[in-house]
Amino acid sequence: MTPEVVVLAAEVEAALARGHPVVALETAITTHGLPRPANLETALALERAVRDAGAVPATIAVLDGQVRVGLRESELERLATAAHPRKTSTRDLARAVADGAIGGTTVAATIHVARRCGIRFAATGGIGGVHRGGELSLDVSADLFELARSPVTVVCSGPKAILDLARTLEMLESLGVTVVGFGTTDLPGFYVARTGLRIPAVADEAGFVRLWRAHLALGEPTSLVVTQPPPADLALEADEFARLLEAALAEARRSEVAGAEETPFLLAFLARATAGRTVRLNIALATANARLAARLAVACAAGSANPPCG
Ligand code: PSU
Ligand code: MN
């Protein structure tokens, strides 16, 4: 990537140069994950959450044939209201740039770009993973493969609950990606607080900083995936969610939706079926994750030179 293709906002560039904490924010949630106008409000709320915790937000997207790292409010608005924004994963980045397109970046594309810029923290709602039936369809999110080669800590509420969570954990293990629970040993499942799948926990911020330092010292090329449960007041019960998901998956089969369209389709179905509760939950958990990512970035930057990764 040449400098003209990846453009850093002045604030982000200055923060990185001084070793100040920076948190990358994905934008597929803006272009494809949330309905309007909640998508723009959320994108702004995520940036505010990062700032309030003392870090600099670097919202990443493709605009006018450039990968932009740090957007102005007017640019976020363009992204959030674009007629046909592209869902841009790693494989789509070059094409989106070449076509002069506008696109929201998935976790995969976001951490890919973050790594190139020396940004070490990112936040999202839920990471992609192995889709149900993925053992045959091979519909496995590029997020997993990018997590295997980008030393960027990603704070999330677990993999999106529409996925095959057990196989997603297996793949992360195979790829050498460390998954930890922030104060939990039960993998959070995005809309649900507990999935019954066990993960190692870090108790607190100090515990994470020790893990992060060890990971850095070992020179591991992989991500640390930090998961925290969704806010309790909005989280769904496991059986309630299971019923909703059955209906959503049946509708996806009837509509013959597959591939990159599946995630946005299922999220939209769940939003309709719950009269917007899953949207409120998605916003709340994404904001909480942005806040935690910033907190951890601040804690890790304290007393460390925060050298850019190669
Ligand atoms: N989490 C959300 N909403 C989203 C996504 C995650 O709350 O829209 C997006 C993320 O950008 C993630 C992507 O990287 O879905 C994964 O899509 P796929 O399974 O097609 O790789
Ligand atoms: Mn996919």
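Which loop holds D64? D64 lies in the loop between β3 (56-63) and β4 (66-69). Strands such as these are DSSP runs of E with at least two residues, helices are runs of H or I with at least four, and both are numbered from the N terminus.

Before going on, note that this is a predicted model: local features need pLDDT of at least 70, side-chain atom pairs count only at pLDDT 80 or more, and totals for chains, interfaces and linings use all residues. Residues are numbered from 1 along each chain as its sequence is written, chains are lettered from A and ligands numbered from 1 in the order in which they are written, and side-chain values use heavy atoms, with hydrogens and water left out.

**Stop 1: the backbone**

Stay on D64. Its phi is near 50°, a positive value in a residue other than glycine. Now select R36 and P37. The peptide bond from R36 to P37 is cis, with omega near 0°. P37 lies in the loop between α2 and α3. Most residues other than glycine have a negative phi, and most peptide bonds are trans.

**Stop 2: a salt bridge**

Select R51 and E11. They form a salt bridge, with the closest N and O atoms 2.7 Å apart. R51 is in helix α3 (residues 38-52) and E11 in helix α1 (residues 10-17), so the pair links distant parts of the chain, 40 residues apart. A salt bridge here is a side-chain nitrogen of Lys or Arg within 4 Å of a carboxyl oxygen of Asp or Glu. The structure holds 15 of them.

**Stop 3: ligand 1**

Select ligand 1, then the residues around it (a heavy atom within 4 Å). There are 17, and K87, V107, S141, D143 and K160 come nearest. α2 (28-33) gives the largest share of this shell, three residues. α12 (262-273) supplies at least two.

Next, look at polar contacts (pairs of N or O atoms within 3.5 Å). Which atom of ligand 1 is 3.2 Å from a polar backbone atom of G126? A nitrogen. An oxygen atom of ligand 1 is 3.0 Å from an N or O atom in the side chain of N282. A polar side-chain atom of T263 lies 3.5 Å from an oxygen atom of the ligand.

Notes. A polar contact is a pair of N or O atoms within 3.5 Å; within protein, one must be able to donate a hydrogen and the other to accept it, and residues adjacent in sequence count only if both atoms are side-chain atoms.
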